[in-house]
Amino acid sequence: MRKMIFLLLALPLAGLAQTKTVISTSRYFPKSGQWQAFEKMVSAHAKKYHKDDFAWRVYTIETGPDVGGYMIVEGVSNWATIDGRGDLGAEHTADWEKNVQPLLQDRFSSMYLTYRADLSTIAQTAYTDKISINHQFIRAGYTSELTDNIIASKKLWQADSSHMAVYESSISGPTQFVMVTRYTNGLKERDEVNATTYEQRFEKVNGTGSYKKWMDNTKAGIESQWTELLYGKPELGSK
């Protein structure tokens, strides 16, 4: 009986320890004229070496400062699994260095992100092939205010049936919120213009004066922000 009680008490802790919310994103930029070769080699590499918690999803970056690049999303995982990953092996490294690296420019970036279910309106793994990303860089000391902004925005997203996945950067340079709009019906969703203004809809779900507070937090708390459009290329990722 004591053993059974202990196991029952341990279940919530075990579930918490196994929660998977961490992804890594890496951005690569093929040399001019090497896009097709890059796609072929990345697809083969992903299918052979990146599985399960480290599976790859590949996107082309269509607009914004990184246009022309590719974003590779690895995961979903957790820190314990990442900690125990270890060396990927000589064969994996040799494949990348021989077949992929020669096709790339020197330009490169990588970061870790943690999915925020409390701020999102779509499940973590409910992926779509067309997405837009809003990167909001947070001024020091304003994380709480910007979190409040997203909580208020979530109420409007839910009312508008917007599918938003919110991530927070982790040990990866300047702190930022990464808000991903997932277009479940494609970009035609952007043609659907609501006759009621954003401010009116915002205050309907958050109360009178809430939009001004949101704007004040935005002006004070956001250092900078930029947006981009990406297209998923499932054929290039892990299978």
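Me: What share of the 239 residues in the chain do buried residues make up?
Reply: In this predicted model, buried residues make up 44% of the 239 residues. The secondary structure comes to seven helices and eight strands, and the C-alpha atoms fill a box of roughly 65 × 60 × 35 Å along the principal axes. Of the contacts between residues at least 6 apart in sequence, 79% join residues at least 24 apart.

Me: Why is histidine 50 called buried?
Reply: Buried means under 20% relative accessible area. Histidine 50 has 3% relative accessibility, so it counts as buried. This histidine is found in the loop between α2 (35-49) and β2. Leaving aside neighbours within four places in sequence, histidine 50 is in contact with His45, Ala55, Trp56, Glu74, Arg85, His92 and Ser238.

Me: What makes the link between the side chains of histidine 50 and histidine 45 a polar contact?
Reply: The cut-off for a pair of N or O atoms is 3.5 Å. The side chains of histidine 50 and histidine 45 are joined at 3.2 Å, as a polar contact.

Me: Why does aspartate 52 count as exposed?
Reply: Exposed means over 50% relative accessible area. Aspartate 52 has 71% relative accessibility and therefore counts as exposed. Like histidine 50, aspartate 52 is found in the loop between α2 and β2.

Me: Why is serine 161 put in the exposed class?
Reply: With the cut-off at over 50%, the 53% relative accessibility of serine 161 makes it count as exposed. Serine 161 lies in the loop between α5 and β6, and its phi is positive, about 60°, although it is not a glycine.

Me: How do you know that the span of helix α5 is close to the expected one?
Reply: Helix α5 (residues 143-160) has 18 residues, and 26 Å is expected at 1.5 Å a residue. From the first C-alpha of α5 to the last, the reach is 25 Å.

Me: Which residues of α5 are buried, and what covers them?
Reply: The buried residues of α5 are Leu146, Thr147, Asn149, Ile150, Ala152, Ser153, Lys154, Leu156 and Trp157. Their cover includes the strands β5 (130-138), β6 (164-170), β7 (176-182) and β8 (222-232), together with helices α6 (198-206) and α7 (210-221).

Me: How do you know that the buried residues of α4 are on the same side?
Reply: In helix α4 (residues 90-100), the buried residues are His92, Asp95, Trp96 and Val100. They cover an arc of only 95° around the axis, which puts them on the same side of α4. Ala90, Glu97 and Lys98, on the other side, are exposed. An α-helix has 3.6 residues a turn, so residues three or four places apart point the same way. The cover over the buried residues of α4 includes β1 (22-30), α2, β2 and β4.

Me: Which residues touch the most other members of the largest nonpolar core?
Reply: In this core of 17 residues, they are Met71, Ile133, Tyr167, Val180 and Leu230. The elements that give two or more residues to this core are β2 (56-61), β3 (70-77), β4 (104-115), β5, β6 and β7. Apart from it lies another core, of 13 residues, including Trp56, Trp96, Leu103 and Leu236. Trp56 and Trp96 also belong to an aromatic cluster with Tyr28 and Phe108.

Me: Why is the pair of tyrosine 198 and tyrosine 211 called edge-to-face?
Reply: Rings pair if their centres lie within 6.5 Å, and planes over 60 degrees apart count as edge-to-face. By this rule the count comes to 12 aromatic pairs. The rings of tyrosine 198 and tyrosine 211 have centres 6.3 Å apart and planes at 65°, so this pair is edge-to-face. Tyrosine 198 is in helix α6 and tyrosine 211 in helix α7, 13 residues apart.

Me: What makes phenylalanine 202 and tyrosine 211 an edge-to-face pair?
Reply: Their ring centres are 5.9 Å apart and their planes are at 75°, so the pair is edge-to-face. Both phenylalanine 202 and tyrosine 211 are buried.

Technical notes. Residues numbered from 1 in each chain as written. Predicted model: local features only at pLDDT ≥ 70, side-chain atom pairs only at ≥ 80, totals over all residues. Heavy atoms only, no water. Helix = DSSP H or I, 4+ residues; strand = E, 2+ residues; numbered from the N terminus. Expected span 1.5 Å × (residues − 1). Buried < 20%, exposed > 50% of the residue type's maximum accessible area, 1.4 Å probe, protein only. Contact = heavy atoms within 4.5 Å. Core = buried A, V, L, I, M, F, W, Y, C linked by side-chain atoms within 4.5 Å. Polar contact = N/O pair within 3.5 Å; in protein donor to acceptor, adjacent residues only side chain to side chain. Arc of directions from axis to C-beta. Phe/Tyr/Trp six-rings, centres within 6.5 Å; stacked < 30°, edge-to-face > 60°.
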